[in-house]
Amino acid sequence: MNAHALLTRLRGQIPLLVTAVLLVSMFSVGSVQYEGFFSGQVVLNLLIDNAFLLVVAVGMTFVVLTGGIDLSVGAVVALSTMVSAWLVEQHGWPPLLVIPLVLLMGTAGGWLMGWIIHVFEIQPFIVTLAGMFLARGLCYTISVESISITDPQYTAMAQTRIPLGDLFVSPSALIALLLVAAGFVVLHYTRFGRNVYALGGSEQSALLMGLPVQRTKTGVYAISGFCSALGGVLLTFYMLSGYGLHAVGLELDAIAAVVIGGTLLTGGSGYLLGTLLGVLVLGLIQTVISFQGTLSSWWTRIVIGALLFVFIVLQRLITARRR
C-alpha cells in the first residue's frame, strides 16, 4: 500500500476514531462525576437496554453504505411487536412459529421496497416513507390498544440473565452482538459486502463493472427489513407487549447511531464497529442524564442533535479533502 492510499484510508477512519475517543471521554467524565458509574455492569446495561436499537442500526448501516436510507425501520419494529403479541396472545400460536414468521415478513417487506427503488428508480426516501406509513397503519388494523404478552416463553426470555462472573447480560444483547459480528464478516469478507461498498461509491461505476446492482440493492433492504423485524422481536422480549406506538422515532435514532459511528451518508465508507460505538454513545448520553437526575429526558435529543451536526460537518470536511 503506497503512502497516498494509506493516508486516504486513515482519513476515512477519522470519524470512527473520534467516536471511540468521545465514548471513552464520556465514560471517564461520568465515572468522575457520579458514584457507581465506573462499572462493567453500566457498560453491559447499555447493550441490554439498546439491543433492539443496535440490531436495527446494523441493517441501517448496510442501507446507508449503498447511499440509501430506510425510514420504515421503526414502523416495522412496531408491526413486528403487534403481530407477535396478536398471534401469541389472541390466537395461541407458539412463539417458535411466530418469530420465524415475523422475521420472514420483515425480510420480504424490505426486499419489496428495494425492488421498487431499483426497478422504478424512485428515491429511497419516498419508498421507505410509504413503507413506514403502511407498517404503522397495519399496526392499528390489528389493535389500537397495547397487547400485553403473558406467554411463558416470552417472559422467560425477558427475565433470563446470563452470568459473567459478578456481572450479567441478557440474551437479547448477545443476539445483537452476534448480529454485529455476522454483519462484519459479510461486509468485509464476502463478495456481497464488496458489492455494497462499490455500490455506495458509485452506482454507475458498479454497473459498468458488471456488478449485480439490483441484487445488491434489494439485498441490503432485505437485510434492513430482517434486522427491523428481529429488533421488533427483541423489543417484544424487552417490553412484553405489542403496541402501534412502540419505536416511534427509532429510525432517526438508528440513522444517528450510524452517522455518529462514522458511516458516510453518501455511502461507500463506514464500519459496523462504528455503528456499535454510535449506539453505545447514544445509550451513554441517556445514562449520564439519568445519573444527573435533574435534567429532562429531552436533553438526550438536544445532545444527539448537536453531535449529529458535528459529525455531519466532519464528514463533509473529509469528503471535500478527498476530492
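## Basis of the model

Helices here are DSSP runs of H or I with at least four residues and strands are DSSP runs of E with at least two, both numbered from the N terminus. The model is a predicted one, in which local features need pLDDT of at least 70 and side-chain atom pairs count only at pLDDT 80 or more, while totals for chains, interfaces and linings use all residues. Residues are numbered from 1 along each chain as its sequence is written, and side-chain values use heavy atoms, with hydrogens and water left out.

T150 lies in the loop that runs between β1 (147-148) and α8 (152-159). With a relative accessible area of 57%, T150 is exposed, where exposed means over 50%, buried under 20% and partly exposed in between, for a 1.4 Å probe and protein chains only.

Once neighbours within four places in sequence are set aside, T150 is in contact with E89 and T155, contact being heavy atoms within 4.5 Å. T150 and Q292 are separated by 142 residues in sequence and by 35 Å in space, taken from C-alpha to C-alpha.

## Packing of α4 on α14

The axes of helix α4 (residues 51-65) and helix α14 (residues 272-292) come within 10 Å and cross at roughly 140°; these axes are lines fitted to C-alpha atoms over the stretch in contact, with angles running from 0 to 180 degrees between N-to-C directions. That angle makes α4 oblique to α14, since angles under 35 degrees count as roughly parallel, over 145 as roughly antiparallel, 65 to 115 as roughly perpendicular and the rest as oblique.

On the α4 side, L53, L54, A57, V58, T61 and F62 meet L272, T275, L276, V279 and L282 of α14. The residues of this contact divide into nine nonpolar, two polar and no charged, where Ala, Val, Leu, Ile, Met, Phe, Trp, Tyr, Cys and Pro count as nonpolar, Asp, Glu, Lys and Arg as charged, and the others, Gly among them, as polar.

## Cysteines

The structure holds zero disulfides, a disulfide being a pair of cysteine sulfur atoms within 2.5 Å. C139 is in no disulfide, and the nearest cysteine sulfur, that of C227, is 18 Å away. C139 is buried, at a relative accessible area of 0%, and C227 is buried too, at 1%.

## Residues with positive phi

E121, in the loop between α6 (95-119) and α7 (124-142), has a positive phi near 50° although it is not glycine; E121 is exposed, with a relative accessible area of 72%. L240, in the loop between α12 (213-239) and β4 (241-242), is another residue other than glycine with a positive phi, near 55°, and L240 is partly exposed, with a relative accessible area of 23%.
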